[in-house]
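I looked up the surroundings of the ligand, then the open spaces in the protein.

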Amino acid sequence: MKNVRIVDVLKSGQVGTEITVKGWVRTRRGSKNVNFIALNDGSTINNLQVVAEVEVFGEDFFKNINTGAAVGVTGKLVESGGSGQSVELQASALELIGAADPDKYPIQPKRHSLEFLREVAHLRPRTATFSAIFRIRHAMVFAIHNFFNDRGFYNVHTPIITSSDAEGAGEMFRITTLPAKDAPLNEEGNVDFTQDFFGKSANLTVSGQLEGELFAMALAKIYTFGPTFRAENSNTSRHLAEFWMIEPEVAFSDLNDNMDLAEDFLKYLIRYALDHCMDDLLFLSSRLVEEEKTKPADQRSMELIEKLKFVADNDFVRLTYTDAIEILKNSKPNKKGKFQYPITGYGTDLQSEHERFLVEQEFKKPVILTNYPKEIKSFYMRLDDNGETVAAMDVLFPQIGEIIGGSQREERLDVLERRMDEMNIPKDDMQWYLDTRRFGGCPHAGFGLGFERLLLFVTGMSNIRDVIPFARTPKNCEF
Ligand code: 4AD
Ligand code: MG
């Protein structure tokens with residue numbers, strides 16, 4: 001008999017039908033006559049209750065039906081006596097497919113800390129919390145492609161190995177096949193990368209944007225969705241060394257169009273989660289409510305689903321950097337010296353404490369900050385008429401801070417070349433990029449959404465290591 005998924009059984013299983021399910025034992029409770037097995041196959045947060053008579057299988061048989069074991073069950077669906085489910089499975093055949101030694105299996109049916117579960121990240125998708133997170137992660141991938149496909153965007157696979165530093169921030173992982181010991185040197189005594197695999201120094205990409213721009217100058221509306229890598233030594237709950245980024249790029253588009261696209265996109269994704277992942281969201285919400293109970297009342301955040309609806313249904317605030325600095329300079333925490341990085345005035349780079357103040361205290365809504373000073377942003381952002389600020393935009397979210405970074409791009413060749421000189425970006429290596437400004441250039445704009453930061457928001461988790469299957473962070477590359 002073909003096995004069916006538990007999600008389908010619980011949704012539309014007919015009492016009286018004979019079915020086979022296969023999955024992993026979450027818990028087993030036994031009494032003298034009967035054993036109850038909570039079975040989960042990953043298709044839903046909910047378990048199917050399996051009822052197995054001791055008389056049918058013999059007492060010894062159940063010794064191996066422990067938490068974590070893989071089993072197959074055939075039986076008849078009957079109306080459930082217990083609360084919380086409509087049907088349960090009366091087992092007529094029960095097969096142990098893979099045992100899990102209860103003395104050694106690390107995931108026991110009790111509350112484990114998230115820190116502990118990171119150490120057993122190879123097994124944590126078996127927990128209710130992580131299965132919920134990773135089903136939502138999948139739904140969001142699907143929704144992202146849907147959103148762009150429906151709007152006439154083409155997906156582009158930009159390269160993962162590159163020789164350029166898209167952000168000009170120098171936070172790259174080098175890729176080389178040269179020996180670590182006694183690498184060949186050139187006349188100046190530096191490593192001679194002309195002898196390397198690519199004949200020059202290469203690295204993992206920090207962003208697909210620059211190549212994305214080339215395709216936007218041909219297909220008009222494109223997006224990339226790929227892994228990106230940053231060797232910044234930021235050991236925070238918001239930074240990964242390997243993360244996934246979604247980067248749309250649109251020709252004939254300006255900063256306002258870009259903000260509209262970003263806001264529509266985020267709201268669409270949040271609504272999609274509300275429409276398609278409610279069981280998992282309800283579970284994560286109840287888990288958060290428990291966690292919040294340990295905090296003082298004034299530090300508790302909005303209930304997860306309420307928060308998602310609030311963001312999906314309300315306009316984001318749009319504000320220039322210059323106005324934000326005024327608000328921050330005159331804010332209570334700044335005056336009382338509560339910010340770790342005090343705001344002195346125009347020119348200060350914003351830290352996540354400032355971003356969160358604007359979003360969580362001042363406006364109580366997502367905020368799009370625009371027109372930052374050119375000194376603190378990337379070379380490719382379009383210079384404003386004042387010659388001081390650039391057409392940048394950062395979307396700031398509660399609990400997260402920056403979730404999206406983007407801009408209108410500098411399409412004027414002479415201005416772009418001047419900016420590259422000012423910021424020491426090597427022009428010789430980037431003639432291909434400058435060509436788009438030489439041949440049929442046009443105003444264009446785009447942004448990057450950090451996929452794991454989106455997931456932090458949607459799942460309500462507080463550490464980015466918990467929304468990616470296997471986190472890569474400074475001093476940590478397990479699994
Ligand atoms: O602001 P960033 O650096 O922008 C770019 O890379 C542009 N090239 C995007 C574009 O315009 N096409 O990064 C974009 C987003 C951030 O807003 C943040 O959400 C996420 O990527 N991000 C990270 N997420 C996890 N770990 C890190 N170390 C991240 N660095 C950036
Ligand atoms: Mg940024």
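**Entry 1: the ligand shell**

I sorted the shell around ligand 1 by class and found eight nonpolar, eight polar and eight charged residues. For this I counted Ala, Val, Leu, Ile, Met, Phe, Trp, Tyr, Cys and Pro as nonpolar, Asp, Glu, Lys and Arg as charged, and the others, Gly among them, as polar. The model is predicted, with local features needing pLDDT of at least 70 and side-chain atom pairs pLDDT 80 or more, while totals for chains, interfaces and linings use all residues. Residues are numbered from 1 along each chain as its sequence is written, chains are lettered from A and ligands numbered from 1 in the order in which they are written, and side-chain values use heavy atoms, without hydrogens and water.

I noted 24 residues around ligand 1, of which E167, Q209, R230, E247 and E402 come nearest; a residue is near if one of its heavy atoms lies within 4 Å.

I then looked up polar contacts (pairs of N or O atoms within 3.5 Å). A polar side-chain atom of E247 lies 2.7 Å from a nitrogen atom of ligand 1. A backbone N or O atom of L240 is 2.9 Å from a nitrogen atom of the ligand, and one of G405 is 3.3 Å from an oxygen atom of ligand 1. Taken alone, ligand 1 exposes 630 Å², and the protein buries 93% of that (Shrake-Rupley method, 1.4 Å probe).

I listed the elements that give two or more residues to this shell: β11 (242–251), β15 (401–408) and β16 (444–450). The largest share, five residues, comes from β15. Helices (H or I, at least four residues) and strands (E, at least two) are DSSP runs, numbered from the N terminus.

**Entry 2: the largest pocket**

I asked which pocket ligand 1 takes; its space is the largest pocket. A pocket here is an open set of points on a 1 Å grid over the protein atoms alone, where a 1.4 Å probe fits, with protein on both sides within 12 Å along at least five of seven lines; lining residues have an atom within 4 Å of a point. About 1,300 Å³ of space lies in this pocket. Of its 49 lining residues, R230, E232, K377, E402 and R453 are closest to the centre. β15 gives the largest share of this lining, six residues.

**Entry 3: the second largest pocket**

I recorded about 1,100 Å³ of space in the second largest pocket. Its lining has 35 residues, and S301, R356, E360, Q361 and Q399 lie nearest its centre. α11 gives the most to this lining, with six residues. By class, I noted 14 nonpolar, six polar and 15 charged residues.

Definitions and conventions. Polar contact = N/O pair within 3.5 Å; in protein donor to acceptor, adjacent residues only side chain to side chain. Sits in = over half its atoms within 2 Å of the grid points. Points joined across faces, edges and corners; volume = space filled by probe spheres on them.
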